[in-house]
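User: I would like to go through this chain with you. Could you start with the contacts of one residue and then widen the view?

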Amino acid sequence: MDHTNLYRDAFENASSGKAIMTLDGQWFKVNKALSIITGYSKEELEHSAFDIVSHPDDLNKTTSLFNTPSDITDKLVIDQRFVHKNGKVLWVSLHIIMLEMGQTSYYHVDIFDISLKLKKEKELNELNHMHQLILDSINEGIFGLNPDGTIVFWNRASENMLGCKQDDMIGRRIQEVILKLKGDKDAVTSPFLQAVENGGTLQVREDQFSRKDGQQFDVEYTINPIYENAQYKGTVVIFRDVTELKKSQEYMQNSEKLSLVGQMAAGIAHEIRNPLTSLKGFLQLIQSGESAKQIYYSIMSEEFSRIEIILNELLLLAKPQVKHLEKHDLNQILTQVKSILEPQCIIENVQIVTDLNGPVFVKCDENELKQVFINLIKNGIDAMPKGGEITIRSSMEDGDAIVEVIDQGKGISEDKLAKLGQPFYTTKEKGTGLGLMVTYGIIENLGGHVQVRSELNSGTTFQITLPIPS
């Protein structure tokens with residue numbers, strides 16, 4: 001086999017540009033592909049200087065190569081611009097090795113047109129830059145993770161809220177970051193990490209993150225996996241600072257509590273006045289020297305206890321409380337709420353009927369949940385100006401606790417049902433709409449939801465669904 005002819009054919013018919021150059025920068029031999037790349041014929045190129053196709057501003061990249069005797073031991077790669085015969089500028093990659101032909105040394109050069117590749121890289125970089133600008137313009141903190149939990153992007157809001165620069169976070173493993181970020185003591189049991197590592201979804205309405213300086217702030221966040229063709233590609237975490245939102249919600253809840261206290265004042269006064277009247281009468285009997293004083297003492301003690309219960313419940317409702325999420329018996333809370341509102345029900349000619357099945361334990365703040373049911377029962381009382389019956393039912397269904405508050409009022413039209421819970425939207429003449437908004441917010445923060453069914457002139461049912469803790 002003639003190896004010389006084989007090499008010559010391979011050289012001439014290669015898909016990439018090929019050339020043999022003298023050490024001083026002359027095109028000695030070129031193939032057809034290089035002629036196509038540059039627009040010059042083989043005859044025009046061969047025995048011409050390298051300068052014929054090199055961009056003037058890039059000549060310095062090869063100056064040392066052609067002006068100084070070179071001894072290249074490995075492949076040398078140079079990316080530079082060529083000028084096509086028609087004047088068009090294109091980018092090429094020169095792959096240069098030494099070639100010994102007898103006693104003479106040459107450069108063997110492979111020339112690849114990389115203009116399209118660089119154009120696509122530029123477009124991709126511009127697209128990535130645009131995506132980063134979009135991410136940086138969003139107020140929510142956003143960071144992305146690849147399948148092994150390495151942080152691959154980190155937007156400006158994340159920098160501002162957490163005090164951690166993007167350059168410091170890119171490339172770090174979320175497993176290293178999470179213990180400081182969330183204060184989780186054990187990475188293995190962290191729901192955050194479990195969602196990331198298993199490609200799962202997680203939505204948390206109430207949690208805390210820590211800034212770089214250790215200061216904690218209230219957040220809500222979601223973890224969403226990214227899938228492509230059923231293959232897990234990574235995870236996006238979106239979070240926002242809800243510190244001010246929580247302050248606003250607490251302010252509205254306290255305002256609503258004060259409003260409820262004011263509305264119940266007449267009923268409370270009526271309920272306290274009755275035992276006070278009894279106490280006054282018994283004291284007069286004792287002063288007059290009547291016998292059987294012991295039975296008077298017993299009745300008086302019961303009446304004092306009744307006053308104490310009413311006042312304690314009233315203070316518990318009105319006084320700002322530190323929020324404690326603990327397991328409480330839902331039926332016990334409903335029974336206490338019924339006791340609080342019975343004085344007003346008597347005045348309004350309303351009867352509260354309970355159908356409580358249980359006990360049913362839920363994780364909640366007891367005072368907040370009391371406020372929810374007081375709001376709903378008060379709305380039922382207001383919906384029945386001529387009196388009527390309010391039914392409170394509790395049950396368990398599919399791992400959830402269900403409470404229904406049913407009135408016999410005038411009902412709510414369908415167009416108004418959709419607006420319930422919106423700020424300052426109310427169906428009552430002197431209402432503010434804040435009561436239901438606070439109610440919806442409390443239930444949603446506990447992972448539950450509120451459903452409303454109503455029929456005009458037949459009444460309304462508010463159904464509260466809350467998760468039962470495992």
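Predicted model: local features only at pLDDT ≥ 70, side-chain atom pairs only at ≥ 80, totals over all residues.

User: Which strand holds threonine 461?

Analyst: Threonine 461 lies in strand E17, which covers residues 459-467.

User: Is threonine 461 buried or exposed?

Analyst: Threonine 461 is buried, because its relative accessible area is 11% and the cut-off for buried is under 20%.

User: Moving on to proline 469, where is that placed?

Analyst: Proline 469 is found in the segment after E17.

User: What does proline 469 touch?

Analyst: Not counting residues up to four places away in sequence, proline 469 touches Lys327, Phe361, Val362 and Lys363. For one of these, valine 362, the C-alpha atom is separated from that of proline 469 by 6.2 Å, although the two residues are 107 residues apart along the chain.

User: And how accessible is proline 469?

Analyst: Proline 469 has a relative accessible area of 26% and is therefore partly exposed.

User: Now the whole chain. How many helices and strands are there?

Analyst: The chain has 15 helices and 17 strands.

User: What share of the residues is buried?

Analyst: Of the 470 residues in the chain, 42% are buried. The chain exposes about 26,300 Å², and carbon and sulfur atoms supply 51% of that area.

User: What about contacts between residues at least 24 apart?

Analyst: They account for 53% of the contacts in the chain between residues at least 6 apart in sequence.

Key
Residues numbered from 1 in each chain as written. Heavy atoms only, no water. Helix = DSSP H or I, 4+ residues; strand = E, 2+ residues; numbered from the N terminus. Buried < 20%, exposed > 50% of the residue type's maximum accessible area, 1.4 Å probe, protein only. Contact = heavy atoms within 4.5 Å. Areas by Shrake-Rupley, 256 points an atom, 1.4 Å probe, with all protein chains shown as cover.
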